[in-house]
Structures are given as C-alpha cells and as structure tokens.
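These are my notebook entries on a single protein chain. I set down what I looked up, entry by entry.

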Amino acid sequence: MFNDEENIDLKQELRRYFRYWPWFVIALVISLLGAYFYVRYAPRIYETYSKIKILDESEGLELPTSAFIFKRSNINLENEIEIITSYLIMDRVVRQLNLNTSFYEEGTIQTSQIASLPLVFEQIIKPDSIERTLSYKLECNDKGFQITNLDTEKVFEFNAYSTKQVEHNLPFNLSIDNNIPLNTFRDKVYLIKFNPIKSTALGLKNNIKVEAIGDASDLLKLSIKGESVERSEKIINTLMDVFNKDGIYDRQLVSKRTLNFIDERFVFLAEELDSIEINQEVFKEKNNIVDIATDAELGLQQRSESEAEQFKLQNQLTLSRLLADALKGNAESDLLPANIGIENAGINALISEYNVAVINRDKLENSGGQNNPAVRSAQNQVIDLKANISRSLRTYSNQLEASLKQLENRTQKFAGRVSQIPQQERLFKAIQRQQKIKESLYLLLLQKREEAAINLAITEPSIKVVENALSGTRPISPKPNIIYAAALLGGLLIPFGILYLIFMLDTKLHSKEDVTKVTSKIPVIGEIPNLKKTKNIIFNDPNDRSPLAESFRILSANVDYILPIKDGEKGKVIYCTSTIKGEGKTYISLNLSLALSSMNKKVLLIGADLRNPQIHAHINEDKQKSGLSNYLHDLDYDWKEALISGFHMHPNHHIMLSGSIPPNPAHLLTNGRFKKLIEEAKKEYDYVVVDTAPTILVTDTMLISSLADATVYIARANYTEKNLLKFSKELSESGKLKNMAYVINSVGAGKSYGYGYNYGYNYGYGNPSNA
C-alpha cells in the first residue's frame, strides 16, 4: 500500500504529453485534411418543412368548456401525429408520387439524388410487382443511351435517344424531351433504382418528422431532410393533401351511411304507401263512402285532435322501431343514421357520439393495430355506446306506447259520442291515418336525405395549411464550422487518447517522480542519463566533463553525503545492488568507484556477484581470473594478490573480480572471510564499493548487508517494473538493507543502453574445480 498521497502535477503531465508533439501535429493535419475533403465532397442535405393546423370536427354551437376557458384545444395532437406518420398514409404518398423509383446523378467523386431525370421517363413495371431492389446505370453519350443492369451486368445499347424503337426487357422506357437541350444530359451518368413499396414507405415513415409547435398551439410542423429540394417539397405537399383527404373521407362516412339507410327505407315505404292507397280505393268502392255526417262534426273535431296527438306518437314510435331494427342489424364497423326525426335529444346525442367513436376507433386501428390499448379502449367505447342507444330506444318506445294507450282510450270515448258515424267511416279514417303516417315519414326521410347529400357535397377540410413546403437556402449538412471544430478536437483527442492508454498500460519506471510516488522516505541520490551510443560508457578520464562524468560526480557527492560519520574509521563501504538483471548494477558500481577515485580517493571495487559476475567484461579481463571467490575459499589466499589496476588514469583505483564461479556462494559469503576482507580493506581504502547480487532471487546481498555503510539501489528507467519498487521499499523498512538510497539509471532511455549487457536470471555455476 502507498502511504503517501498521489498528487497530480499538471505541468509535469503536460510536459509528458508535449514530448510527443509531432504526433499531435500529424493527427491535426490528417484530421483537418479529412474535414476539408468531407466538407468539399459530402452531399448537401437540405431541410424542407411545412406547418398545418388541425381543424376541430365538432359541429354546431357548443357551450364553453374547460378547454375553451383555458384556451386549450379539444384536438389530441398526438393521435393526429400518429395518423400522419402511419404506414397507410405513407403508402398512399409513395404510390401517388411513385417514390419507390428514385434517380441519382453520378459525379466524379459523389453521387447526388435528383427529383427526376432530364428525359422523358416512362415506367413499365408495376410498383406492386417490385419485390427486390433493381438498379440500372444510364450513360448518355454522343450516339445514344447505354443502360447497364447493375445486378446482372447486362448492357443495353440504344443508338438513338429513345428506347422505344428497340425490343428490350427493361422495366422502363426513355426518350429525349424536345424542350431540354442535349447538352443538359450528354456525357452524364445517371442511376435508376426501383425499390419495393413497403420498404420505401417504411423509409419515408422514418424520414418524416412531425412535431407540435409549442405546448399551447394547435399547429404541427412537418419536416423532411434530403438532397433534392424539389423531391422533398413534393413529398411534404402530397403528404398534407393525402392527410386532408383522409380526414374528409372519414367525415363523409356518416353522410354516406345516412344516405344508404334512407335509400333502403324509401323502397320499404313506397311499397307500404302503394298498398294503403289500393286498400283505400277498394274500401270506398265496397262501402260507398263519400262524406262524414255533419251532425257528428263536433265529435269528429275532438277525435281529430286526439288522433293528431296519436299520429305524432305513432310516428315517433315507428321511427324508433326503424332505428332499433337498424341498430340490431348494424355491424360494429358501420355508422348509424343521424337526425332522422327522433324527437329525443338524448338519443340523437348518443347516435352522434357513437358515430364519432366508430370513426376514432377506425383511425386508431389503422395506425395502432388491434392489440393497442388505445384501440381496445375505443372498441369498448363503441360497444358501450351501442348498448346505451339500444336501452334508450327501448325506454323511449315504452314511453310512447304508454302514451299511445292513453290516447287510444281517449279516442274511444270520443268515438262513443259519434256512434252515429257508420263503422265503415271509422275504418276509412283508420286507413287514411296510416296513409298520412307513411306519407309524413316519407317526406321526412326525403328531407333528411337532401340534408345528408348537402353535407356530403360541402364537407369542410380537416386541416388548414399555414405554410406550404419550404426549403432552406443553406444546407443543414455538412456544417463546416462544426466539422472543422470536431476535426480539430479529434486531432487533439485521438493522439491524447492513444498516449493516455499507453501511459495507463505502462508499468515501467521512468523518472524520479515514479520512485517518490511509491516512497518519499528513501532518497533518490542520482539520475544517470541514457547513452545512445556504445562507446565511452566508462568514466576513464578523471578530467572528463561529459554529461556521463558529471552525473557520476554528482552521484559520488550524494553518496558521500548519505554516508554516516564515524569517528576513528576511515574507509566507507558502499553496496551497489538492484532487484533484477539488466538494471545496470555493475555499470553503476564501476563508474561510481571511478568517480570517487577521480577525487583523489583510494577506492576498491569488489565484485561480490559470485553467481554471474560482469565486471571483467568492462576491463577486458579473463572471467576465471582469481578474485573474491578464491579468497573466500582458500584460507591461505591473500586478497591483495587479486587486486587489478584496470585504469591507468586512476592510480588510486583497484578492482577485485569475483573469481571462479563457486557452487555455494551463500556459504562462502557467510564463512567470516568476507567480513574480514571488508575490515582490512577499510583500513587501506577510503571507499570500498561492492557490486552485489540482485536481491529478488537470491539472498546473497542480504547475508552481507550488515557490513555496508550505505546501499545504492539501482532502478533502470523504462525497464524496471514499478511494482518492484515495493520490494525494495520493504527491504529498507525491514532493515535488511542499511541506509538505502535509489539511483535511476538510463533516464530518458527508449530501449537499452546501447551496449551489450547480458545479465540473466538463471545464475550459472562453473566447474567446482575452478572455484
């Protein structure tokens, strides 16, 4: 766990990304060039729109409602939007404009859609017979037409500018329009595509956008986007016309149903009138009836008044029964005749509400389907209204029959007063009464038929066009400002994102800051720069002023600073170790010892990495030359005999190589001989630098760590894993390594030092005889 809080240094992070500024420049150039070509050659898309007002279908004067008081419309705009965008409406628009046939003009780079060809186009194939997309390429040259079926690659040649003179199986004919110059279409290429009606209608349904203009408005805005302004305006205008006619047709259904009902009743009433007139004629001839007796005039007058009321009731009863019969034989999808003479406002209102409900249900079924909750609700409403009308008619008929019985009793009283009138005369009056009822009903139905015919002829429109289809003068796509801004942003974000991923997935150590994030208590005393070339990597010249030499001088000064001050002791012991191979442990220890020697100090470099020694490779000495392992193994061996002066410009610098590789290095290091060597070397030298083994795989370094005055722990930039720092931190905190300090090697390195440095994990063992 990290005990220190991680603070983000913004300046450092920016500097980290700014190192890769060529990436950003290249990405910006590429993205801006891509944006330029896109803006230059992308198809121009225009928006076409119109505005309509949905008219209220309610008739007559109505009392103010809550919607009127709060200035809200009784129209459900959401339902109207669904109807406008329904497949049924779109199918009609596609068929009316033949939208399943589309035309394109092919340019050098892009292909643009056009409303029509600059030729006389005659489609032969029926729209409903198109089951899949058919594509044809039309090339107009100096000789005539060349048409290619893009599906079969079959080519049709027409030497004249007409296809009617040659037999072919193309689904269309072409010829020139005498009003259009040949230069308009010569040397141009066009594409002709035929699509199925269904897919075209569904595509148009997705492209048409209908929305309300404001929350308190009755206006709807219809819009469509496309390349061809002419084609888009035709679609919008035709859509408004089709929707208007659809609404008119719905309102005409009531009038048509009324006319059909009255025509059916006319046939029945005409037969009854003929039968009554024949019976009247036969009755008069048989009974020789000419006139009513004058002495019964008063009684007849009273009876006439009663009979007039009785006639009125019978008329209403007959109408109610006719309407009841029509209701019983009426399917749920049919409308009922309205205003046929029933003198009952409740029944007339129910009939009007029923007809409106039937029309609303049919509209919802066309746009929503049978299983739509709104459709089911509308169907239940129709059933309920039909049941209410039936109950109301039964109640009204019962009332009429009760009133009629009362009038019949009253008429019988009057009949007693005029008993002198012959029975034949009373029967004749009954026949006349039936004739008058049928004639009155016939005239009433004739009047209602004329009213229904007038309503059918003058049906008002369902919409008011506020604005016909209009198209903007500027395309809505592409928008250069937005595209260039997006390209600029993308040119910056793409390389940033790539670098961010690289940095996020990068687990290597890179700089001093990476060390301090893990532990701020262990100091970093040196940063050795990366060397791009393979020569001059050793501090040979004490007077060298190269960056390499200066970095090691700084390191030697910092090492000297962290060494503890002990009275009576001259020599200081410095361990150089690392976590794994390849981090530059031997390289740092060698150059550090040379840097200390350049300050006129006596320095001894000991190669204590007995498993895989590497110092000999830097001074061109034999790997098997006697050294530390020989001294540790042979009690009679004098360590001073193994000293080497590898650098003539550093007379105070001596090296003790590791010697022959022993089979038991840990045992040799702990037999007491190494401690004796250190104690004796401290008396002879100012500094004893020990190149020890890596710490993560073997315990050699920890076994002798107590002899060190300071431990220089090497980590290599772009090589050492950051999580390995936790291991070295634990070694320091647990006291296994004394007075530890970090040195970052190869700072700024890309891959390697530039010189051969092969230090394996697997430590090999030499011949035991050579130990």
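In which loop does P478 lie? I located P478 in the loop between strand 12 (463-471) and helix 12 (480-505). Helices (H or I, at least four residues) and strands (E, at least two) are here DSSP runs, numbered from the N terminus. I then examined the peptide bond between S477 and P478 and found it to be cis, with omega about 0 degrees.

**Basis of the entries**

I am working from a predicted model, in which local features need pLDDT of at least 70 and side-chain atom pairs count only at pLDDT 80 or more, while totals for chains, interfaces and linings use all residues. Residues are numbered from 1 along each chain as its sequence is written, and side-chain values use heavy atoms, with hydrogens and water left out.

**Whole chain**

I noted 21 helices and 20 strands in the protein chain. Of its 771 residues, 43% are buried; buried means under 20% relative accessible area, exposed over 50%, and partly exposed in between (1.4 Å probe, protein chains only). The chain exposes about 41,300 Å², of which carbon and sulfur atoms supply 51%; these accessible areas come from the Shrake-Rupley method with a 1.4 Å probe. I also looked up the contacts (heavy atoms within 4.5 Å). Among those between residues at least 6 apart in sequence, 79% join residues at least 24 apart.

**Helix 5 and helix 6**

I found that the axes of helix 5 (residues 87-97) and helix 6 (residues 197-207) come within 9 Å and cross at roughly 115 degrees. Helix 5 is therefore roughly perpendicular to helix 6, a term that covers angles of 65 to 115 degrees. The axes are lines fitted to C-alpha atoms over the stretch in contact, and angles run from 0 to 180 degrees between N-to-C directions.

On the helix 5 side, I listed Y87, M90, D91, V93, V94 and R95 as making the contact. The helix 6 side contributes I197, K198, T200, A201, L202, L204 and K205. I sorted the residues of this contact into 8 nonpolar, 1 polar and 4 charged. Ala, Val, Leu, Ile, Met, Phe, Trp, Tyr, Cys and Pro count as nonpolar, Asp, Glu, Lys and Arg as charged, and the others, Gly among them, as polar.

**Positive phi**

I recorded a positive phi of about 55 degrees for N98, which is not a glycine. N98 sits in the loop between helix 5 and strand 2 (101-106) and is partly exposed, with a relative accessible area of 25%.

For N739, also a residue other than glycine, I noted a positive phi near 45 degrees. N739 belongs to the loop between helix 21 (724-733) and strand 20 (740-747), and its relative accessibility of 34% makes N739 partly exposed.

Note on methods
Angles under 35 degrees count as roughly parallel, over 145 as roughly antiparallel, 65 to 115 as roughly perpendicular and the rest as oblique.
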